[in-house]
Amino acid sequence: MNYGRAIRQQWLLEEDAIFLNHGSYGATPRVVLEAQSQWRERLERQPVRFMARELPVHLRAAAAALGDFIGADGDDLALIDNATSGVNAVLRSLDLGPGDRIVTTNHTYNAVHQALVYICKHTGAELVVAEVPFPCPGEDAVVAALAAAIEPGARLAVLDHIASSTALVFPIERLVALCRERGIAVLVDGAHAPGMVTLDLEHLGADWYTGNCHKWLCAPKGCGFLWTRRDRQADTHPLTISHGYGQGYVAEFDWTGTRDPSAWLALSTALDFHRELNPDKIRTHNHELVLWAAEKLNYAWGGTLSAPQSMLGSMVSIDLPAVRSPATLHDDLWDHHRIEVPVFPFGDRYWLRISAQIYNEPAEYELLARAVDSYRLQA
């Protein structure tokens with residue numbers, strides 16, 4: 001099957017929209033939404049039977065299917081709403097206090113950073129932020145920044161696999177190994193990783209790994225996971241304590257109260273959709289397209305790639321040229337050009353983050369270049 005416009009009909013995206021922001025919320029294909037609707041109908045035909053007898057089996061089947069895709073045992077996977085929920089569940093499960101330190105980086109997603117601030121405020125732990133340079137010269141700079149930030153008393157490192165704002169693919173294997181050498185537990189925020197990069201959680205060596213399936217795996221919104229290493233599971237609990245407390249990791253997370261489970265149950269359909277289109281080809285296509293687009297935009301605006309190609313996946317953050325009202329550029333691009341692309345400050349500059357998904361094609365980035373040029377300030 002051809003990519004670009006030829007496949008875009010598989011999604012519900014508005015016909016006239018130039019959608020270059022798959023990274024924020026993803027986009028769910030029609031076939032997956034249809035499967036989700038079917039699960040909802042099945043639930044409503046006999047809610048008691050479904051919730052009490054059928055749902056536990058189907059949840060574990062979905063977790064097993066996901067595990068096959070990300071290199072994990074399904075029994076080590078809790079299905080949750082999103083990666084932020086996973087981060088919070090781990091943080092709230094830890095027994096932290098004065099003298100303890102949590103290490104993270106300046107690229108951490110703001111919601112996660114706020115959760116860390118909250119935990120430190122209420123436990124007396126200290127938050128230490130490693131300053132990873134951006135633009136980034138290479139993997140060694142990330143490892144060096146983390147190594148320099150690790151101080152006595154560090155108990156936990158909360159690390160991005162793929163940074164949301166800067167789109168950097170961190171050398172997560174090296175970072176986890178560094179932390180393990182120093183006796184520090186590691187929680188990886190892999191919100192963007194499933195479907196963008198290959199995963200093998202069993203061999204990564206982290207203590208916890210949380211991710212989203214609604215982004216690059218194209219599952220319905222509200223479909224995430226928390227993988228927990230087995231020796232950590234007894235002390236890892238969901239944010240909502242319910243009937244399953246004390247009955248084990250899976251029992252606690254699988255039931256926290258009545259909620260709509262259809263996003264998780266449709267995950268198998270999303271994985272089938274992904275496999276039908278060939279995960280390796282998807283990753284290669286998206287990587288090559290976003291690099292082509294980034295190089296074209298950088299050439300037009302006098303910039304360079306923000307990191308080596310090996311540290312970029314299906315997104316790239318590009319140094320925005322001087323434009324009128326950069327803080328409103330996102331809304332202006334949508335309102336006047338029907339282009340959806342994030343614009344945000346990082347450090348002392350504004351950046352534009354482009355995504356590439358298989359429904360995108362080169363002409364859309366050329367339209368973006370011309371649209372941004374119409375807002376540029378004269379030299």
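Visitor: Angles under 35 degrees count as roughly parallel, over 145 as roughly antiparallel, 65 to 115 as roughly perpendicular and the rest as oblique. With that in hand, how do α5 and α6 lie to each other?

Guide: They are roughly parallel. Helix α5 covers residues 83-93 and helix α6 residues 110-123, and the two pack at about 15 degrees with their axes 10 Å apart. Axes here are lines fitted to C-alpha atoms, for helices over the stretch in contact, and angles run from 0 to 180 degrees between N-to-C directions. Helices (H or I, at least four residues) and strands (E, at least two) are DSSP runs, numbered from the N terminus.

Visitor: Before I go on, what am I looking at?

Guide: It's a predicted model, where local features need pLDDT of at least 70, side-chain atom pairs count only at pLDDT 80 or more, and totals for chains, interfaces and linings use all residues. Residues are numbered from 1 along each chain as its sequence is written, and side-chain values use heavy atoms, with hydrogens and water left out.

Visitor: Back to that helix pair, then. Which residues of α5 and α6 meet?

Guide: From α5 you get Thr-84, Val-87, Asn-88, Leu-91 and Arg-92, and from α6 Ala-111, Val-112, Ala-115, Leu-116, Tyr-118 and Ile-119. Contact means heavy atoms within 4.5 Å. Sorted by class, eight of the residues in the contact of α5 with α6 are nonpolar, two polar and one charged. Ala, Val, Leu, Ile, Met, Phe, Trp, Tyr, Cys and Pro count as nonpolar, Asp, Glu, Lys and Arg as charged, and the others, Gly among them, as polar.

Visitor: And what about α7 and α8, what's their packing angle?

Guide: About 25 degrees, with the axes 10 Å apart. That makes α7 roughly parallel to α8. On the α7 side the contact uses Glu-139, Asp-140, Val-142, Val-143, Leu-146 and Ala-147, and on the α8 side Arg-174, Leu-175, Leu-178 and Cys-179. The classes come out as seven nonpolar, no polar and three charged residues for the contact of α7 with α8.

Visitor: Changing topic: how many strands are in the sheet with mixed pairing?

Guide: Seven, in an open sheet ordered β2-β8-β7-β6-β5-β3-β4. Two strands pair if DSSP finds at least two bridges between them. β2 (77-80) and β4 are the edge strands with a single partner each, so one side of each has no neighbour in the sheet. From one strand to the next, the twist averages 20 degrees.

Visitor: What does β2 do with β8?

Guide: They pair in the antiparallel sense over four bridges. Leu-77 has Trp-227 in β8 as its bridge partner. Helix α4 (residues 47-70) packs on this sheet, touching β2 and β8, and its direction makes about 110 degrees with that of β2.

Visitor: Which strands does α8 lie across?

Guide: β5 (154-160) and β6 (185-190), and α8 runs at about 175 degrees to β5.

Visitor: What's the order of the sheet with three strands?

Guide: β9-β12-β11, an open sheet with antiparallel pairing. Its edges are β9 (315-319) and β11 (343-346), each pairing on one side only. Five bridges connect β9 with β12 (residues 349-355), and one of the bridge partners is Leu-352 in β12 for Ile-318.

Visitor: And how many residues sit between β11 and β12 in the hairpin?

Guide: Two, and Gly-347 in that turn has a positive phi of about 65 degrees. Phe-344 has Trp-351 in β12 as its bridge partner.

Visitor: Does Trp-351 turn up elsewhere, or rather, which ring is it paired with?

Guide: Phe-134: the ring centres are 4.6 Å apart and the planes at 55 degrees, so the pair is tilted. Rings of Phe, Tyr and Trp (its six-membered ring) pair if their centres lie within 6.5 Å; planes under 30 degrees apart count as stacked, over 60 as edge-to-face and the rest as tilted.

Visitor: What kind of peptide bond joins Phe-134 and Pro-135?

Guide: A cis one, with omega about 0 degrees.

Visitor: Last one: what does Leu-94 touch?

Guide: Leu-156 and Trp-208, leaving out residues up to four places away in sequence. Leu-94 is in the loop between α5 and β3 (101-105).
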